[in-house]
Amino acid sequence: MDAMTILAFVIYFIALIVIGIHFWRTKDKDSMEDYILGGRSFGPYVSAMSAQASDMSGWLLMGLPGSIVLAGLGQAWIGIGLLIGSYTSWLFVAKRLRKHSVVSKNSLTMPEFFSNRFADHKGYLRIVCAVVILFFFTIYVGSGFQSCGIVLDMLLDNGGFEIGILVGGIVIILYTFLGGYKALCWTDFFQAILMVVVIVLVPLVILGQTGWDTISAGWDELAVTQNLEGYTSLFYNAGVPISAVVVISGLVWGLGYYGMPHIVVRYMSIRKVSEIKVARRVSLIWGILALSFICLLGVIAGVYLPDHGINIFDSAVYDSEYVFMYTAQQLFQDTAPFILGVVFAAILAAIMSTASSQLLVSASSITNDILAKTDKVHISAKNLMWLARGIVVVISIIGMCLALFGSDNIMGLVSYAWSGFGSAFSPVMLLALFWKRMNWQGAMAAMITGFVVVVFWETFMGYTGLYSLFPGFILAFIVAVVVAMLTPPPSQEVLDEFEAAQNYRDPEEA
């Protein structure tokens, strides 16, 4: 490995740790609200960019281009679904959730919001939420650490998978442990910038070196050599006309945004309700750039890599999820090793921004949503902070073990966890924000239904090709409405609080 490539990595890791240390030294480090929600102090740019960085995990630079390079642009329906979901989530959920979370007894987490919104005084919703979050985030975090191992393995010439998991895990633990939510958001902000610059840069450099005509001719050849007709068409998948199941399964990914714990927390932490419009536009611009150029990279790499001695279609030799790294190595290893290090750091940025957010949400679910609400045990705010930090370490260790011994398919792990959250929480979130009549019984039934349907579908119904989020979301939504209508309506206090949230204004505008 070139020394300049190592230098880029060292600078990147040091920057993350320095940010963590900076926020560790702030005077509010022992405040629960500050540690897990940043004191609701973030402006629109940091909020939008951190939401996108924590959303677009290793699948963006590994899973998505890997599926596109093998099957063509028909796989981009996932990206289209995510772009629509991200925008509509900012449009319909962000403002209402920011208002409701303040009015609902200053809720700091999504489980706490559900519990307060529905006056679940016994805490059943908080407990169920925490169980679902821990189950799926452990899987999600495992995929993140696995991605760290893959990146370092590539850089160390197939000798650093375990080292990558260890190094990535230690760095993530350090800045999450030290700085909490503020450190996450600010590191995510800079990582989102790094990610989008690299995503745009790489395909443009390839086109500049190779030329559009050469790439275009290569796509025609793929129809013959790999039976990939319509390689650059949204309406072909793996060389055949795309089916409705593939389109639906791609678009339905967008439904996950409405209940994704590590994303909706960004809506709750934004400084002002009035700044959400700006954040929404920033998020949209970032999403369009990142998703369109990563899809472009996927179809370009299908021509570029074989022309440079890497037959990416030979699955026995090459892993399609490495496509971004293979391409970067061909472009920069000999001519610009420092830039190669920056590209690989950007891949780690996508991974670490998501994993760290998930670790903090998981820790806050246990500390703020369960331990802090236990009447029989009194734990000081300072001790809760240390418990939260300890839980970050424990979940990280579990995630590392999963990365070492679990599934080797990043897209599969992320897909499972994303579907689980979207099915269990998205229907509840939408009904909580838009339907006054919704009650805690309906919310509980929806969460359990969504969770069970996803586990069942992923285990027994995968052969259908239909993404489990589709049946999970639909059935959970229907069950929520039916159960809410068959059980007593919310109390007048809950109804009044709902109206108060609708009329909430920023303090300076009230």
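Author: Happy to! Glu275 is buried, at a relative accessible area of 14% (buried means under 20%, exposed over 50% and partly exposed in between, with a 1.4 Å probe and protein chains only). This is a predicted model, where local features need pLDDT of at least 70 and side-chain atom pairs pLDDT 80 or more, while totals for chains, interfaces and linings use all residues. Residues are numbered from 1 along each chain as its sequence is written, and side-chain values use heavy atoms, without hydrogens or water.

The partner of Glu275 in a salt bridge is Arg271, at 2.8 Å from N to O (a side-chain nitrogen of Lys or Arg within 4 Å of a carboxyl oxygen of Asp or Glu). Arg271 is partly exposed, at 39%.

The structure has four salt bridges. Another joins Arg266 and Asp188, with N and O 2.6 Å apart. Arg266 belongs to helix α11 and Asp188 to helix α8 (residues 161-210), so this pair ties together parts 78 residues apart in sequence (helices are DSSP runs of H or I, at least four residues, numbered from the N terminus). Both ends are buried: Arg266 has a relative accessible area of 1%, and Asp188 has 0%.

Lys436 and Glu499 make a further bridge, their closest N and O atoms 2.5 Å apart. Lys436 sits in the loop between α16 (410-434) and α17, and Glu499 in helix α19 (residues 492-502), so the pair links parts 63 residues apart in sequence. Here Lys436 is partly exposed at 31%, as is Glu499 at 32%.

Conventions:
Helix = DSSP H or I, 4+ residues; strand = E, 2+ residues; numbered from the N terminus.
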